[in-house]
Amino acid sequence: MADSSTGPVEIHARVADDIASLPPEQWDACAGSANPFVSHAFLSAMELSGSVGPGTGWKSLPIIIEDDAGQIAACLPSYLKSHSQGEYIFDQQWAQAFEHAGGQYYPKIQIASPFSPVPGPRLLLRDKTLALPLLKAAEQLAENNGISSVHATFVSEDQLDYFREAGWMIRTDSQFHWRNDGYESFDDFLAALSSRKRKAIRRERAKAQEEVEIVHLSGDDIQPEHWDHFWQFYQDTGMRKWGQPYLTRSAFDLLHQKMASKLLLIFAMQDGIPVAGALNVIGEETLYGRYWGCTRDIPFLHFEICYYQAIDAAIARGLKTVEAGAQGSHKLARGYQPVPTWSAHYIVDPGFRSAIADYLERERQAVAADIEFLADMGPFKKSS
């Protein structure tokens, strides 16, 4: 970059081959440490495991800007996508409309953490002045290569203004998150609920735990055989939900290798054998629930392992939030509250962009009304 005293600063962005080949310490200096899903460890594990790459519809396309010393100063975890799977922000109707009008929607550029409906930073910035140049680089990459659009999904709220300033369209959706209001125990949390909901949760927990022992495993406590069991659970859920699981078996080995201290496996055991389990990722302030599966159908066990045990784990670690993944209004009765999530979209074609803008305005109003309605339906005591 040129010295600003000599005239306008010239900023050069480039597309790297992949994230795995970039220096981890430079990437993480931009990504920060709060959200593990944009860390070099997580994103490179997706690539090296083959979960992202040839045959998956996800081609790694990281955009980076380097400083005068050749160090990464800003970067985008971006991908060339040939479909809309594994994103959890649904734009298939946009694709159908654009192609019905004679356009070609795919490939598109996706700025995201693959297969992870987890809000977080999408502009990874050691130098915050590079936010707009980074977005302009993504726009130019699309325009220069005949790509229809660029999409940044699950953008953290504190980065939305960067996208607005660049003229990107903002889309609103919602998830259910549990918030720790200074609880010291699960009973403290239950005390904040209405009597009826409190009793219902206690009944669910007692029923779920009748036939199983619950264990929490993290770091060195997680052994290869635990991943073998969890792989069975993940495959079963993946086949039913997506038709084909997104992650490969080696993804779990690589995640363990690169970030075991940030992984929490919660297993239900019968006679010493895991019969159900959930994988969580531990952030600085948040516990992220990711995958669940089982080999035996036990009433309320899904709620126990994925929601109540996650709350227990968050309270024990002093974490502020549990994010239990996308969708699922059944989380409301378990103390998870509706919150907005955001994505940002750059559409190259002006006519299509205008149509999408109209649609997003109506959708925002509907989502806001839905969040307000669901919040009123929550299990917490009503203030008098």
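A residue is called buried when its relative accessible area is under 20%, exposed when that area is over 50%, and partly exposed in between, with a 1.4 Å probe and protein chains only. By that definition Phe42 is buried, because its relative accessibility is 6%, and Phe37 is buried as well, at 2%.

The structure is a predicted model, in which local features need pLDDT of at least 70 and side-chain atom pairs count only at pLDDT 80 or more, while totals for chains, interfaces and linings use all residues. Residues are numbered from 1 along each chain as its sequence is written, and side-chain values use heavy atoms, with hydrogens and water left out.

**Aromatic rings**

A pair of aromatic rings is described by the distance of the centres and the angle of the planes. Rings of Phe, Tyr and Trp (its six-membered ring) are paired here if their centres lie within 6.5 Å, and planes under 30 degrees apart count as stacked, over 60 as edge-to-face and the rest as tilted. The structure holds 30 aromatic pairs. Elsewhere, one aromatic cluster is formed by Trp227, Phe230, Trp231, Phe233, Tyr234, Phe252, Phe267 and Tyr291.

Tyr291 from this cluster also has a charged neighbour, since a charge is taken to sit over a ring if NZ of Lys or CZ of Arg is within 6 Å of the ring centre and within 35 degrees of the ring normal. The table gives two such placements.

| Charged residue | Ring | Distance from ring centre |
|---|---|---|
| Arg290 | Tyr291 | 4.7 Å |
| Arg334 | Phe303 | 3.7 Å |

**Helices H2 and H9**

Helices (H or I, at least four residues) and strands (E, at least two) are DSSP runs, numbered from the N terminus. The axes, which are lines fitted to C-alpha atoms, for helices over the stretch in contact, have angles from 0 to 180 degrees between N-to-C directions. For helix H2 (residues 40-48) and helix H9 (residues 249-259), the axes come within 9 Å and cross at roughly 150 degrees. H2 is therefore roughly antiparallel to H9, a label used for angles over 145 degrees, whereas those under 35 count as roughly parallel, 65 to 115 as roughly perpendicular and the rest as oblique. Contact means heavy atoms within 4.5 Å, and on the H2 side Ala41, Phe42, Ser44, Ala45, Met46 and Leu48 meet Ala251, Leu254, Leu255, Lys258 and Met259 in H9.

**Backbone and loops**

Most residues other than glycine have a negative phi, and most peptide bonds are trans. Tyr88, however, has a positive phi of about 70 degrees although it is not a glycine; Tyr88 is found in the loop between strand E5 (78-81) and H3, and is buried at a relative accessible area of 17%. Asp271 likewise has a positive phi, near 55 degrees, in the loop between strand E11 (263-270) and strand E12 (273-282), but Asp271 is exposed, with a relative accessible area of 80%. The peptide bond from Tyr106 to Pro107 is cis, with omega near 0 degrees, and Pro107 lies in the loop between helix H3 (92-100) and strand E6 (108-111).

Gln159, in the loop between strand E8 (149-155) and helix H5 (160-165), is buried at 7% relative accessibility. Leaving aside residues up to four places away in sequence, Gln159 touches Pro121, Arg122 and Leu123.
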